[in-house]
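The entries below are in the order in which I looked.

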Amino acid sequence: MAVQMAPSILSADFARLADEAGAVSGVADWLHVDVMDNHFVPNLTIGLPVVESLLKHTSLPLDCHLMISDPDRWAPAYAEAGARNVTVHAEAARQPVRLLRMIRSAGARAGLAINPATPVEPYADLLPEIDMLLLMTVEPGFGGQPFLDMVLPKLHRARELVTRHGGSVWLQVDGGVSAETIERCAEAGADVFVAGSAVYNADDPASAVQSLRAQAGRATARASWAH
Ligand code: DX5
Ligand code: ZN
């Protein structure tokens, strides 16, 4: 599958979200929206009302990454509101199969996220239930953290699991993805790239997305997993 770019508005100006979305529309595939509840992660961002407003002001599909406790209770509403992707954390979901099916039946793609220290293998049987697997490459909660290289072996293993599964499951990386790290991610098996500070702290967010996409594309072309 082609490289997908998902700029994260966590590093954008929250008082100008519609404009910040507009700055990458036309070059991004999805807009990544980080929902944090100050419980699952030690930070508080935005929730459903802001997502509902954003949906009215951008044509970009919203990729909602829910870093929240009790996603079983809260996640389906994001799908019902019109988010294209709704990703929940494996560490937080109480009944993941039921929850992922609810997200899909509400019309969104279902994503499952795992933290850097969470192994991927226990979730292999969930691949038929998901459209995307998100490997966190920082501890979730904040933008601008350094990329954790220790996740790369797990990314390799995740790509093998997805290949063996045979279905179309995206493999997303989130955290510290930049010009310095995106090629390592693509070579290891990622095909969806979230970038917050590397996009919104750049002078020109749109050209940052384009250049990250080009780098990822070149790295994918030489990656063994893609052939
Ligand atoms: C962090 C969030 C990320 C964040 C990434 O917990 O899930 O989406 O925006 O920011 P950068 O790209 O700056 O590491
Ligand atoms: Zn995120």
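The entries that follow go from the helix to the loops.

Entry 1, ground rules. I am working with a predicted model, in which local features need pLDDT of at least 70 and side-chain atom pairs count only at pLDDT 80 or more, while totals for chains, interfaces and linings use all residues. Residues are numbered from 1 along each chain as its sequence is written, chains are lettered from A and ligands numbered from 1 in the order in which they are written, and side-chain values use heavy atoms, with hydrogens and water left out.

I took helices (H or I, at least four residues) and strands (E, at least two) as DSSP runs, numbered from the N terminus. In helix 3, residues 71-81, I listed Pro71, Asp72, Ala75, Pro76, Tyr78 and Ala79 as buried, meaning under 20% relative accessible area with a 1.4 Å probe and protein chains only, where exposed is over 50% and partly exposed is in between. They lie on the same side of helix 3, because they cover an arc of only 155° around the axis, taken from the directions from the helix axis to the C-beta atoms. These buried residues pack against strand 2 (31-36), helix 2 (48-57), strand 3 (62-67), strand 4 (85-89) and helix 4 (96-105), with contact meaning heavy atoms within 4.5 Å. Just after the helix, I found Gly82 with a positive phi of about 120°.

On the helix 3 side I noted Pro71, Asp72, Ala75, Pro76 and Ala79, which meet Leu99, Met102 and Ile103 of helix 4. The residues of this contact divide into seven nonpolar, no polar and one charged, with Asp, Glu, Lys and Arg counted as charged, Ala, Val, Leu, Ile, Met, Phe, Trp, Tyr, Cys and Pro as nonpolar, and the others, Gly among them, as polar.

Asp70, in the loop between strand 3 and helix 3, has a positive phi near 55° and counts as partly exposed at 25% relative accessibility.
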